[in-house]
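Please look through the model below before reading on. The points that follow are meant to be checked one at a time against the picture.

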Amino acid sequence: MKFIDTHAHVNFEAFKNDSPEVIQRALNAGVQMINVGTNYKTSARSVKLAEEVGNGMWAAIGVHPIHLAKDITEEANFNGQRYAFTTASEKFDKRAYFQLAKSSKVIAVGESGLDYFHLEDFRATNMTAAEFVELQKETLYEILGFAREIQRPNIFHCRDAYDDFVELVRDFGHNETGVTEQVRGVVHCFTGTMKQAEKILDLGLSIGFTGIVTFPNAQELQEIARQVPLDRILLETDCPYLAPQPVRGKRNEPMYVRYVAEKIAELKELTIEEVAETTRQNAIKLFRL
Ligand SMILES: [Zn+2]
């Protein structure tokens, strides 16, 4: 059985000491992967890794909305070890990203999007919450233009912001003459409502499911996974985060994408082979692998 983990971060600090082993374990298990960047540094590392590994690994380059603010700290614990990063108010530097995109390994732009999670407890030191929202929207609009210019699909990050996200993408897709040019891409790690999922499907985008769908308390998300057509679903780990139920609390890695496939197969009453193969073809088609 073969899988594509369409959203991995083997380019992150958490894999600093053993990324070759992690990658080899995945490839041995039939799992190919797309490593996703979140700022310039992790995007550049993602391209470098994909070039070094060659077959079975690709890169996405982007700026995650959280990195637009200054001094937001995020931390996580895996296997009893603490990992943290603090954001540094990065601008989307189109010229620098153009240079990265010259690599044939760059198959998507992302992850980029809107993230309103931190607005409730806002601690960025260089702007107000309203300014942060505005900056996120401006940057996303700019990145949509960049993706169109370099003719790559998008990997979107969206958290607590689905309605604004749908509005912005829809607006971008209509040019001055009223002609609709569809934005291509996937909304990664979907955690919204069924209504929001429908709007995303109406935009022509795919929906990515992570290990969250395997959690016992994720009943609403499981119902959504049941209803989203299989040909619009991509499988992801979002490793090192969000390890699926059987390995919950551990550091996640691409190999564990099979647990996400297993859960979707169970929900849709399909075989895991069918889920693995259809979602793999979806990734090949969307990212032109
Ligand atoms: Zn991610």
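**Notes on selected local features**

1. Pro240 sits in the loop between β10 (233-235) and α8, where helices (H or I, at least four residues) and strands (E, at least two) are DSSP runs numbered from the N terminus. A cis peptide bond links Cys239 to Pro240, with omega at about 15°. The model is a predicted one, in which local features need pLDDT of at least 70 and side-chain atom pairs count only at pLDDT 80 or more, while totals for chains, interfaces and linings use all residues. Residues are numbered from 1 along each chain as its sequence is written.

2. The loop between β10 and α8 also holds Asp238, whose phi is near 60°, a positive value in a residue other than glycine. Asp238 is buried, since 23 other C-beta atoms lie within 10 Å; a residue is called buried if 20 or more other C-beta atoms lie within 10 Å of its own, exposed if 12 or fewer, and partly exposed in between, with C-beta atoms placed from the backbone.

3. Ser89, in the loop between β5 (81-88) and α3 (94-100), likewise has a positive phi in a residue other than glycine, here near 55°. With 15 other C-beta atoms within 10 Å, Ser89 counts as partly exposed.

4. A cis peptide bond also joins Gly110 and Glu111, and its omega is about 15°. Glu111 belongs to strand β6 (residues 106-115).

5. Helix α8 (residues 257-268) packs against helix α9 (residues 272-287) at an angle of about 115°, with the axes 8 Å apart; axes are lines fitted to C-alpha atoms, for helices over the stretch in contact, and angles run from 0 to 180 degrees between N-to-C directions. The two helices α8 and α9 are therefore roughly perpendicular to each other, given that angles under 35 degrees count as roughly parallel, over 145 as roughly antiparallel, 65 to 115 as roughly perpendicular and the rest as oblique. On the α8 side the contact is made by Ala261, Glu262, Ile264 and Ala265, and on the α9 side by Ile272, Val275 and Ala276, two residues being in contact if their C-beta atoms, placed from the backbone, lie within 7 Å. These contact residues of α8 and α9 divide into 6 nonpolar, no polar and 1 charged (Ala, Val, Leu, Ile, Met, Phe, Trp, Tyr, Cys and Pro count as nonpolar, Asp, Glu, Lys and Arg as charged, and the others, Gly among them, as polar).

6. The axes of α7 and α8 come within 9 Å and cross at roughly 75°, which makes α7 roughly perpendicular to α8. Here Gln222, Ala225 and Arg226 of α7 meet Ile264, Leu267 and Lys268 of α8, a contact that divides into 3 nonpolar, 1 polar and 2 charged residues.

7. Leaving out residues up to four places away in sequence, Gln222 touches Val213 and Leu267; Gln222 and Leu267 are 45 residues apart in sequence, yet 7.1 Å apart in space, C-alpha to C-alpha.

8. In the largest nonpolar core, which has 76 residues, Ile34, Ala60, Ile207 and Phe209 touch the most other members; such a core is a set of buried Ala, Val, Leu, Ile, Met, Phe, Trp, Tyr and Cys residues joined through C-beta atoms within 7 Å. Apart from that core lies another, of 6 residues, including Val63, Leu68, Ala69 and Ile72.
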